[in-house]
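Subject: Structure handover

Hi,

Here is the structure I promised to pass on. Please open it first, then read my notes below.

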Amino acid sequence: MAPKNSAGTSPHRELLHQMLRIRRFEERCVELYSDEKIRGFMHLYIGEEAVAVGICAALAPDDAIVSTYREHGHALVRGVPATVIMAEMYGRVAGCSRGRGGSMHIFDAEHRFYGGNAIVGGGLPLAVGLALADKMQGRSRVTACFFGDGAMAEGEFHECVNLAALWRLPVLFACENNLYAMGTALAKSHAETDLALRAASYDLVAWPVDGMDVLAVAEAAARAAESIRAGSGPHFLELRTYRFRAHSMYDPDRYRTKAEIEQWKKRDPIDSLVARMKAANEISDDDLAVMDKDICVEIDQAIAFAEQAPLEATEDLTRFVYSETSPTGAGHVKSAEAAP
Amino acid sequence: MTERGTTTYREAIREAIREALLRDDRVFLMGEDVGVYGGCFAVSLGLLEEFGPGRVRDTPLSEAGFVGAGIGAALGGMRPIVEIMTVNFSLLALDQIMNNAATLLHMSGGQFNVPLVIRMTTGAGRQLAAQHSHSLEGWYAHIPGLKILAPATLEDARGMLAPALDDPDPVLIFEHGGLYNMSGVPRPGLVDIATAALRRTGDDITLIAYGGTLHKTLAAADELATRGIKADVVDLRVLRPLDDATIMESIGRTHRAVIVDEGWRSGGLSAEISARIMEQAFYQLDAPVQRVCTAEVPIPYARHLEEAAIPQVIGIVAAAREAVAA
Ligand SMILES: Cc1ncc(C[n+]2csc(CCOP(=O)(O)OP(=O)(O)O)c2C)c(N)n1
Ligand SMILES: [Mg+2]
């Protein structure tokens with residue numbers, strides 16, 4: 001997690017701070033998208049912040065994250081600086097992926113952030129392999145893998161939960177069930193809509209969590225991560241959440257009603273936590289205003305950084321297709337060894 | 001009695017895997033039936049007993065899952081060798097190979113390389129029909145980010161794996177199913193994964209082949225020699241990146257070329273090589289480049305139909321004679 005907000009010591013404060021960072025960052029992204037500073041596909045996480053914040057709170061610095069194209073939130077909370085995320089969306093060489101990835105492909109080796117994967121379900125095998133490497137090398141690390149309800153219809157999901165359960169790998173499967181895969185409602189793509197129940201059939205520990213309640217998510221994630229570290233194999237959390245915005249900037253949002261969206265907005269994860277903290281005298285309106293202002297400064301700085309960041313030289317277009325350290329190695333065939 | 005040091009293509013690959021497992025703790029083999037069964041073509045027979053189930057891992061029938069897990073394990077510091085039974089089945093893992101293994105380094109701006117080796121069987125000739133016999137290595141050679149190897153000799157079967165594992169990027173090794181029983185005494189020496197090899201020399205024509213068609217092409221060269229036509233035989237060995245220099249050097253001497261490819265002609269590897277010859281050696285040519293490829297059909301079962309479908313010595317000889325007569 002990024003450094004704690006200056007004021008206060010309430011454990012809830014940092015959760016709030018991180019959720020608000022995501023919210024404000026993405027609100028600015030919308031403006032920048034209208035200004036055509038950010039292009040391509042961009043998917044917003046607004047409404048789902050409690051999931052990334054609660055899950056990431058349970059992770060240690062050397063744990064790994066594999067995420068989707070809806071990953072600004074995961075990357076920010078993980079500690080990938082807002083500056084390099086913004087520069088990436090601007091397509092600049094200072095971006096975390098040197099402008100080759102954009103909004104959907106945030107990568108950061110330092111924070112073990114393995115994308116930014118825009119093939120639905122395609123990141124899951126990476127998470128299984130990262131966890132396999134940890135297990136084979138005797139390291140006690142967790143790989144958290146985020147994916148949506150839609151991804152659970154992909155074959156890769158079923159192959160991967162089976163593999164992880166079969167080999168008892170340290171994977172935290174974090175299913176962000178926001179009830180839609182683009183415009184397809186959950187019940188229109190899944191015969192059995194109880195996703196935790198289905199995951200449990202693969203012999204791993206799985207349970208549903210209120211994904212609008214950051215404390216519930218953090219508590220569940222901490223329990224799951226502890227159990228994974230203790231060697232009890234993969235865990236699956238179905239995080240029941242909702243995206244307040246359209247699927248992407250291209251989506252006219254014709255497949256759900258305004259009333260439904262408004263109903264869910266009453267359960268805004270940020271508002272809910274603020275209300276709780278105020279009731280417990282953990283935060284004042286002034287504190288909140290300061291927190292918000294600090295966040296705005298951070299985002300302003302990120303935008304300023306992206307605005308002035310240079311572009312990758314076109315001559316460098318084909319760099320990183322192969323490793324630049326590639327040896328032209330050779331294998332030696334010795335006559336004595338040839339016999340079996 | 002066999003000569004001392006005699007080995008088969010299958011045993012040469014097994015020995016290469018064995019050596020890799022002994023040499024580096026990070027190396028492990030994973031795939032369907034590689035362990036208890038010994039590999040669907042018996043390549044890994046005995047390795048489970050020697051190295052245990054942690055390093056010789058049987059997987060479920062989940063090509064996308066375990067190929068992708070190999071990519072993830074490579075990202076996590078391991079050096080996996082993933083075996084896919086045949087190239088036809090690799091299509092179930094194509095998403096992982098194309099969208100992850102081949103793209104991650106570039107898409108992450110140089111942060112995440114994938115040091116992974118994937119081995120699989122390719123090719124026809126064993127009456128296995130249309131879902132077990134295709135030669136799709138040319139498709140894979142289309143993809144930037146991958147390196148594609150096609151060992152056709154005992155030396156390459158034995159020697160290509162080590163440099164492939166040392167490579168920081170994903171390497172796919174295509175083993176022709178018709179070669180596993182080929183036997184002989186491998187010659188000692190260094191084997192690289194960067195160049196094509198001249199397997200025979202002759203200044204009248206260049207025959208370009210790889211993998212399963214190399215041996216047919218060498219037989220065709222023998223036949224041509226009896227007719228007074230001396231052929232260079234270029235074994236491509238590495239299908240991506242192609243070693244243009246070796247091809248063009250040969251054509252610079254012979255001024256004629258025949259490309260032999262068990263893949264299909266349309267949009268295939270032979271088309272790519274032919275185009276490169278036009279681009280780089282057009283004024284050296286004394287005749288149009290000829291191609292001997294697989295007929296444009298799914299590979300059929302019946303022996304005579306399968307033989308008619310894939311490149312044969314007689315067709316290679318005919319193409320070469322036509323080029324020389326032109
Ligand atoms: C394999 C694949 N198929 C289709 C798409 C197009 N697509 C992008 S996001 C998406 C919906 C995914 O829904 P879900 O997994 O629930 O995640 P969410 O977007 O709701 O977070 C689709 C169909 C894709 N990117 N990859
Ligand atoms: Mg969804």
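This is a predicted model: local features need pLDDT of at least 70, side-chain atom pairs count only at pLDDT 80 or more; totals for chains, interfaces and linings use all residues.

The interface comes first. On the chain A side, three residues lose the most area to chain B: A:M136, A:Y322 and A:V333.

What holds polar groups together here? The rule finds 19 residue pairs in polar contact across the interface of chain A and chain B, counting pairs with both residues at pLDDT 80 or more. Salt bridges across this interface number zero.

Now the elements behind the chain A side. Which gives the most?

β9(A) pairs with strand β9 (residues 189-192) of chain B. The sense is antiparallel, and there are four bridges. Within this pairing, A:A330 stands opposite B:D192 in β9(B).

Then the metal. Which residues coordinate the magnesium ion (ligand 2)? They are A:D149 through OD, A:N178 through OD1 and A:Y180 through O, at 2.1 Å. Along the sequence, the donor residues are spaced D-x28-N-x1-Y. A:D149 sits in the loop between β3 (143-148) and α6 of chain A, while A:N178 sits in the loop between β4 (171-177) and β5 (180-181), so this pair ties together parts that are 29 residues apart in sequence.

Last, salt bridges. The search of the whole structure finds 48 of them over all chains. One to look at joins the side chains of A:R240 and A:D194, at 3.9 Å from N to O. This pair links distant parts of the chain, 46 residues apart. A:R240 belongs to strand β8 (residues 235-240) of chain A. A:D194 lies in the loop between α7 (186-189) and α8 (195-200) of chain A.

One is the antiparallel pairing of β9(A) with β9 of chain B. The other is the magnesium ion (ligand 2) with A:D149, A:N178 and A:Y180.

Best wishes

Conventions. Residues are numbered from 1 along each chain as its sequence is written. Chains are lettered from A and ligands numbered from 1 in the order in which they are written. Side-chain values use heavy atoms; hydrogens and water are left out. Buried area is the accessible area (1.4 Å probe) that two parts lose on being put together, summed over both. A salt bridge is a side-chain nitrogen of Lys or Arg within 4 Å of a carboxyl oxygen of Asp or Glu. A polar contact is a pair of N or O atoms within 3.5 Å; within protein, one must be able to donate a hydrogen and the other to accept it, and residues adjacent in sequence count only if both atoms are side-chain atoms. Two strands pair if DSSP finds at least two bridges between them. Helices (H or I, at least four residues) and strands (E, at least two) are DSSP runs, numbered from the N terminus. Donors are N, O and S atoms within 2.8 Å of the metal (3.2 Å for Na, K and Ca); water is not among the atoms, so sites may look incomplete.
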